[in-house]
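I want to go through the side-chain contacts here and jot down what I find.

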Amino acid sequence: MGKQTIDADLFAGMFLAGAKNLEAKKEWINELNVFPVPDGDTGTNMCMTIQSAAGGISAMDSPSMQDLAKVISSGSLRGARGNSGVILSQLCRGFTNVISNYEELDKLVICEAAQKACETAYKAVMKPKEGTILTVARAAADKALELACEDECPLEDYLAAIIDEAERVLALTPDMLPVLKQAGVVDAGGQGLVEVLKGAQDAFLGKTVDYSAEPSRSGAATSDKAKKIAEASGSETCSSESPGSAGIIKISAETMEEIRFGYCTEFIIVLNQPMTEAEESEYRAYLNSMGDSIVLVADEEIVKTHVHTNDPGLVLQKALTFGSLSRIKIGNMREEHQEKLFKDAARLAKEQAASEAGKSTETQADMDDSINPAKKDIGFIAVSIGEGINEVFRGLGVDCLIEGGQTMNPSTEDILNAIEKLDYKTIFIFPNNKNIILAANQAASMTEDKEVIVIPTSTVPQGITAMINFVPEAGARNNRETMLELISTVKTGQVTYAIRDTSLDGMDIHEGDYMGIGDSSILSAGTDMDTVVREMTAQMVDEESSFICVYYGEDVAAEDAEALGAYLEEAYPECELEIQYGGQPIYYYLISVE
């Protein structure tokens, strides 16, 4: 009879083999991305996530199962990149939360861990979508549950059956997501998970596998907005050490009636003992009964809680039943709102008086106060790439830039490092890419001593619009609501090239073709860049559009960008136009329409 349990040494080897197999297949998995664009995506993100944990294991000498669980959970959480990486980190977190309680793993423990992994990953995604890595993970967990108590199924067959089921459901993902069927691919995140499981299986069976990399398969604007962008991009370049500059971290009106719950309550519970699943569910249900805006992050030692409630004392009393409390912060939101109203009224009276006197109230000192980080209560972090775009964000008052974006998603740790660098009580984060939002949210949930507000900007133009409309006197919450409303009005188009043949959104696209990618689909494609850009822009502009901004990349000549600007001015005379050097790689043009 073969092995019926997995000890710590074997589990460490299985995890490392899974990481190595994913590393070998990452380029192939990248090619499974629906949009065939030349960027680091699913395979790269998942690989860097798991390698962050694997590096910790490799540095350990004869670790226990508890040691392994801690390193895997912490390493993958901090190293998580992109949506697929964040979900993988949550799968790891849930799985290790269970196995940390055992010295050896048998079928029942693996079953329990698989259920917890799936549950934890689904909780991390606001609107889970089927046909993704989540679906594949759930299929594996369901099969683990189905066979856990069958005596005639030895551990070797048990693991094989779980992987077979994951592969079977992976093959069905194109039927669950039409966009996958259009592109003729399975879900890339699901494929990555299967490769991790296969590598782990090889190590369990004692196979010596060569995990070498597998080859690939396959004019002047006049609006306030325009002025702000132009002025921002013309600001002086400062080093990250310069006072008042936006440092670059490289990758390694609510009304009183609307405030239903008046006290923003935050604290950490230092647990007397780890919360059970039932206790966590009970605590979460209690918080739901007491208020809203709930954030609950728990591990074996601490529970971070954030809730808006009318009875913070009762919430604290409940929390005390689980352990001692630290870092308690209670803010009266109605009082804060009243103070804002007084300030706004005073400011309005001052402006009216100045207007009647025929002079402006905005002195140079007032202007400096609005952009000098040393005089702000709120700090800003933005993900950016390209020196021109960096300059725009700097000029708008962003304190810290994280180099990344579509070509390289920053990790949760990169974002945490940026948060740590800024000495503000409240920090806004602009991910500026839909594949970075989950990592930003994860970093926010892991921050204990600052209020971190993630504005879910999915494009750079959305981030710029959010910063342009920040009003220092309005306060964090009002600014958040304004930003969320305004970014939804921004349309973004991005022009790049295809790295493989595909058929998508009713278009036949060939390797080397130019593509105009909109917010949710491919808008144009072809062999002539000018035609692609013009067709893409035509689909973005409608009768309500009033402003077009073009950021041209590092591979576009200034005269070509100016020629495009001349065309757009003639084609859309009702729209104000701004042309800016963005300096972004790979994407020839970023075009926003509002």
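**Helix H12**

For my own reference, contact means heavy atoms within 4.5 Å. Helices (H or I, at least four residues) and strands (E, at least two) are DSSP runs, numbered from the N terminus. Buried is under 20% relative accessible area, exposed is over 50%, and partly exposed is in between (1.4 Å probe, protein chains only).

Which residues of H12 are buried? I noted Pro-312, Val-315, Leu-316, Lys-318 and Ala-319, in a helix that runs over residues 312-320. They span an arc of only 160° around the axis, so they sit on the same side of H12. The arc is taken from the directions that run from the helix axis to the C-beta atoms.

**What I am looking at**

This is a predicted model, where local features need pLDDT of at least 70 and side-chain atom pairs count only at pLDDT 80 or more, while totals for chains, interfaces and linings use all residues. Residues are numbered from 1 along each chain as its sequence is written, and side-chain values use heavy atoms, with hydrogens and water left out.

**Salt bridges**

I looked up the total: the structure holds 17 salt bridges. The cut-off is a side-chain nitrogen of Lys or Arg within 4 Å of a carboxyl oxygen of Asp or Glu. Side chains of opposite charge can pair when their charged atoms come close.

Lys-198 and Glu-167 make one of them, at 2.8 Å from N to O. This pair links distant parts of the chain, with Lys-198 in helix H9 (residues 188-204) and Glu-167 in helix H7 (residues 155-176), 31 residues apart. Lys-198 is partly exposed at 26% relative accessible area, and Glu-167 is partly exposed at 29%.

Next I checked Glu-391 and Arg-394, whose side chains meet in a salt bridge of 2.2 Å, N to O. Are these two buried or exposed? Both Glu-391 and Arg-394 are buried. They are three residues apart in helix H15 (residues 387-396), so about one helical turn separates them.

I have Arg-480 down as partly exposed at 33% relative accessible area, and Glu-481 as partly exposed at 40%.

**Aromatic rings**

How many aromatic pairs does the structure hold? I get nine. Rings of Phe, Tyr and Trp (its six-membered ring) pair if their centres lie within 6.5 Å; planes under 30 degrees apart are stacked, over 60 edge-to-face, and the rest tilted.

Phe-380 and Phe-430 are a stacked pair, 6.3 Å centre to centre with 10° between the planes. Phe-380 is in strand S6 (residues 378-384) and Phe-430 in strand S8 (residues 426-430), so the pair ties together parts that are 50 residues apart in sequence. Phe-380 counts as buried at 1% relative accessibility, and Phe-430 at 0%. Ring pairs also link Phe-380, Phe-428, Phe-430 and Phe-470 into a cluster.

**Asn-435**

I found Asn-435 in the loop between S8 and helix H17 (437-446), buried at 13% relative accessible area. Its side chain reaches the backbone nitrogen of Asn-83 at 2.9 Å. Leaving aside neighbours within four places in sequence, Asn-435 is in contact with Asp-41, Asn-45, Gly-82, Asn-83, Ser-84 and Asn-409.

**Gly-386**

Where is Gly-386? I placed it in the loop between S6 and H15, and at 9% relative accessibility Gly-386 counts as buried. Not counting residues up to four places away in sequence, Gly-386 touches Gly-582, Gly-583 and Gln-584. I also noted that the C-alpha atoms of Gly-386 and Glu-554 are separated by 7.8 Å, though these residues are 168 apart along the chain.

Conventions
Polar contact = N/O pair within 3.5 Å; in protein donor to acceptor, adjacent residues only side chain to side chain.
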